[in-house]
Amino acid sequence: MTRPDDPATPAATPERPASAPERPAEIRPRTTARRAPGAAARRGPADPVKSLLHHHRDLCERAVDPLEIAAGLEAHGLTDRTAARYRHRDVFALAEELYARMPPRTREPAAGRPPGPGPDTDARAAWTLLALLPGAACLATAGVLRVTEGVLGDGTRALVTVVGALLACLALRACLGRGPLRAPEGAGRAGMYGCWLLSYAVYGEELLAQIMTGGPDGPWDGTPAPLLGLAAAVAPAAWCAHLFTVHAHRKLTGSRALEEFGAGVRPLLLAAVTLFLGALLPLLYLADLGLGGGGTPVAAVALGVLFFVARLLAAHGLPEPGTVALAAACAVEAGAPALVLSARLPGLEPLAQPVNALVSAGGTGAVSALACGGAAVGLLLHAAFALSRASAHTRT
Amino acid sequence: MRIGLLTDGGYPYATGESRLWCDRLVRGLPQHEFDLFALSRSAHQEDQGWVRLPPQVSRVRTAPLWTPEDGTLRGSGERGLLARLVTGGEQSYGRRDRRRFTEHLTALAGAICTPDEAGTEAGEGPGAELFTEGLYGLAELARERGGLHLALRSEATVRILETASRARGTGRTVQNATVPDHLAFAAELERALRPLSLDWYDQESLGAVDLCHAASGGAAALPGLLAKRFFGVPLLVTEHGVPLRAHYLAASGTPYGTPVRALLAGFHGRLTTEVYRQAAIVTPGNTHVRRWQQRCGADPAKQRTVYPGMAAERFGQVGEDAERFGAAGGSDDAGGPGTLVWVGRIEPAKDLIALLHAFAEVRRAEPGARLRVFGAPAEGDEATTYLAHCEALAAQLFPDEATGAHTEGVSPVTFEEIGGPEVPDLVEAYGAGGVIVLSSVVEGFPVSLVEAMFCGRATVSTDVGAVVEVIGGTGLVVPPRNPKALADACVALLRDPERRARLGAAARARALELFTVEQNLAAFRGIYLELMSHTPVRREADTVDAHGDPLPFATPPEARLLGHWTQPGPHLRPQPDPEPDPSAAVPHWAAPGARLPDRPGEPEPQHTREPEPEGVCAVAAGPAGDGDA
């Protein structure tokens with residue numbers, strides 16, 4: 001058979017130990033982009049490791065432990081044989097020396113982090129436009145109804161109302177699906193409770209009034225003003241949520257401890273809710289003026305804040321508390337007429353007492369105001385804790 | 001025997017890593033039953049479907065390691081009835097589970113944040129103990145209560161991580177971690193620990209297999225670790241690349257800050273060490289991987305180098321012709337003996353420029369020489385640009401030459417893609433050359449070199465990666481980035497047909513002995529038997545008859561013995577104790593082929609490199625090796 005190949009060919013003997021100190025520069029590993037070696041590199045410094053360190057400065061500065069340097073060196077084509085030229089047993093030992101000789105990390109830890117995604121104007125315009133749609137749909141419906149008063153029959157007007165409500169629902173769905181109000185984990189059953197609360201805002205007062213006076217006595221008129229005002233408030237809600245998210249993120253990037261971050265975020269949340277209130281109040285007032293509701297908008301304001309905070313929590317991946325708060329408000333609102341009705345049974349008269357007291361003190365609107373207001377305050381308190389946690393801000 | 005094959009982003013997915021190797025293993029050992037436990041890497045991979053599975057695969061369980069688009073991961077978190085009714089959402093742990101979670105995560109985070117003191121052996125010391133305590137504690141919690149992924153994304157996790165990173169003894173980098181760093185690391189930790197939440201850990205799934213074979217380290221080996229922990233199933237880990245090294249290379253491309261990378265490195269380092277410590281046998285694919293494993297705490301006594309097998313049949317004709325007629329392949333008129341051939345995927349790491357410069361020198365000495373470069377550029381713009389650059393350089397260095405005044409000239413250097421009319425397949429490409437050249441500056445396991453060896457061709461390669469280990473003296477090796485040396489070696493071979501033939505025959509013999517599929521299969525067959533001889537299969541069903549009465553002699557009396565009868569520990573070591581141990585005699589005949597590549601006394605090649613990340617077999621399918629499966 002053949003004898004093992006003769007490694008006597010001079011060119012074919014990499015095994016030859018390179019003891020000559022002038023060699024290192026020649027085999028100095030380069031990046032694969034071949035750059036012309038300068039004269040200085042050819043001559044080589046007295047300390048070969050120093051030039052290696054200089055050459056792989058980036059790698060050594062980034063490295064978090066010697067193994068990372070070893071992996072990087074090997075990716076550049078450095079082998080144990082090359083390491084032997086630096087008087088090291090293997091690449092690991094060489095990497096350890098490089099790691100140890102790297103001057104203490106002077107760079108800012110945050111320096112390597114890229115800045116957050118810049119303001120995406122297009123996307124922002126898109127979701128702003130979407131957020132305006134529910135309000136526009138409601139306004140258009142109200143306008144059509146107002147204009148066609150006395151022109152069209154009741155059936156047609158009802159059709160217009162239904163179509164308008166459908167459009168508003170679709171628009172709401174679309175704008176909750178993207179932008180700052182998007183809930184990454186879904187919102188559980190919040191939608192169901194939201195619908196109940198909205199219908200109560202429209203029809204609830206009248207229903208309660210009829211029940212308390214011995215009814216219900218048949219069809220009753222709703223007060224659509226809160227609906228219009230709330231639909232128009234979707235856009236400011238989206239913007240407030242957006243501002244809150246952006247500022248919380250900014251705070252997050254700069255903070256070194258969790259407590260510090262929490263303390264910084266709570267005022268932000270309050271500011272966002274206040275800002276939203278500032279937008280909601282005039283909208284509800286205007287809607288009231290336009291549709292001539294004449295009712296106190298306290299319940300609607302409370303409902304708006306409740307919705308806003310619940311959605312803000314859901315948008316930060318915490319849908320449960322909002323859903324619970326909405327469910328609680330629903331329960332209270334449903335409980336009031338139920339108590340009044342059950343008080344009609346013999347022996348259960350005292351059950352109606354609290355409702356009676358409430359209504360005599362604040363009118364029929366007081367029930368929903370109390371329900372939504374209580375839920376909103378509770379939820380806001382919870383949000384002040386929940387949203388001051390850093391983990392709530394990872395997914396937004 | 002029932003083997004649980006654990007893969008991560010590989011077999012049985014059609015686009016997986018090292019799927020060819022797994023496929024050959026499963027098909028090559030039909031006497032065993034295989035249960036596949038596959039983790040998928042992306043939705044794209046899942047969409048690509050599976051390869052066709054042979055009948056010996058009895059069951060396939062898959063689980064995603066990726067997060068769906070909408071960022072949600074619905075798990076089996078425990079919920080109360082009322083909570084479910086009201087919110088429709090999930091609820092996290094109760095108080096007792098929360099305390100368990102906190103305790104275990106604190107241990108895990110402490111181990112990750114605190115590096116071992118200098119001089120501590122990998123796998124020893126308080127850090128490793130803390131890590132195992134935390135890891136298995138979390139695994140047990142996830143197995144009993146589920147919902148680990150939710151807990152790992154909670155504020156409590158971030159708080160624990162913060163506390164751990166501020167503790168005494170942590171490095172300065174980790175101490176500098178900010179809140180976003182902790183959040184990023186918590187998210188990564190949740191991803192990495194996702195295998196803990198799988199529903200594979202019951203008596204019907206991983207509890208039912210006799211042996212877990214992890215096709216790679218890292219995430220794939222994690223279920224194996226837990227199977228060993230919960231059911232005592234022995235674990236065999238095969239690594240063709242070093243996951244830890246791949247992690248380091250990948251991590252430098254991520255946008256994470258230094259603290260996150262330090263924490264991740266800590267986690268992966270500890271996990272790798274634990275995998276090597278728990279594995280009954282670790283089979284590195286080459287010496288480079290072997291050295292990394294030893295560096296990470298693998299016990300040399302547990303290591304068996306098993307070279308990746310490659311299908312040698314299709315090279316058989318060319319190889320036999322070479323043996324019969326000499327290296328030129330007899331009646332070869334395409335290139336003939338004066339032709340140098342380079343085969344591979346064209347990318348900057350292959351250093352074709354040095355090859356062209358070397359060939360210029362060769363032409364000076366041997367004016368009739370030709371160089372044929374076969375291969376397509378690798379993916380990416382960089383490789384395409386590099387190819388264009390090389391072609392331009394070739395055109396500059398070697399103008400077209402014609403034999404007479406009236407004939408059309410051709411360049412002595414050609415760039416060809418395999419699959420064209422002239423060279424329909426890879427084998428032809430190797431057959432076209434008298435000498436195969438490999439000029440890489442960076443190389444993992446050099447697949448094209450092994451193929452050239454199968455073809456019985458003399459080779460000249462640069463001293464990178466696992467080249468020396470593979471070639472083993474049956475070809476010439478020159479330093480990388482040295483065109484002069486490369487040229488000298490090529491000229492020496494071109495002028496000496498006899499030596500060429502001799503080297504080619506030796507190379508073919510060596511390749512047929514070490515790098516065939518059969519040797520790979522034989523090694524694993526032996527290793528399976530060796531492992532089984534230490535952990536005998538005991539199934540309840542085998543010890544009772546059809547009526548449920550116990551069968552006599554179903555369980556040997558030795559099984560009742562206390563002590564180390566079934567423990568792999570000391571018996572796997574190559575018999576250091578002079579005392580004759582009756583049970584120690586088993587593995588040595590059971591695995592004759594297993595130790596073949598690393599017999600004691602065989603000098604360890606000095607420098608090696610892991611194969612390219614997609615695994616050896618995927619590389620084998622590289623330029624035109626599609627008929628390889």
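## Helix pair in chain A

α10(A) and α14(A) are roughly antiparallel to each other, because angles over 145 degrees count as such. In this predicted model, the axes of α10 (residues 190–212) and α14 of chain A come within 11 Å and cross at roughly 170°; axes are lines fitted to C-alpha atoms over the stretch in contact, with angles from 0 to 180 degrees between N-to-C directions. Helices are DSSP runs (H or I, at least four residues), numbered from the N terminus.

α10(A) contributes Ala190(A), Gly194(A), Leu197(A) and Ala201(A) to the contact (C-beta atoms, placed from the backbone, within 7 Å). From α14(A) come Ala299(A), Ala300(A), Leu303(A), Phe307(A), Ala310(A) and Ala314(A). Nine of these residues are nonpolar, one is polar and none is charged, with Ala, Val, Leu, Ile, Met, Phe, Trp, Tyr, Cys and Pro counted as nonpolar, Asp, Glu, Lys and Arg as charged, and the others, Gly among them, as polar.

## Chain B

Of the 629 residues in chain B, 53% are buried, that is, 20 or more other C-beta atoms lie within 10 Å of their own. Chain B has 24 helices and 12 strands, strands being E runs of at least two residues. Cys490(B) is in contact with Leu340(B), Ala358(B), Val362(B), Val435(B), Val437(B) and Val460(B), leaving aside neighbours within four places in sequence.

## Conventions

Residues are numbered from 1 along each chain as its sequence is written, and chains are lettered from A and ligands numbered from 1 in the order written. Local features need pLDDT of at least 70 and side-chain atom pairs count only at pLDDT 80 or more, while totals for chains, interfaces and linings use all residues.

Definitions and conventions
Contact = placed C-beta atoms within 7 Å. Buried ≥ 20, exposed ≤ 12 C-beta atoms within 10 Å, placed from the backbone. Parallel < 35°, antiparallel > 145°, perpendicular 65-115°, else oblique.
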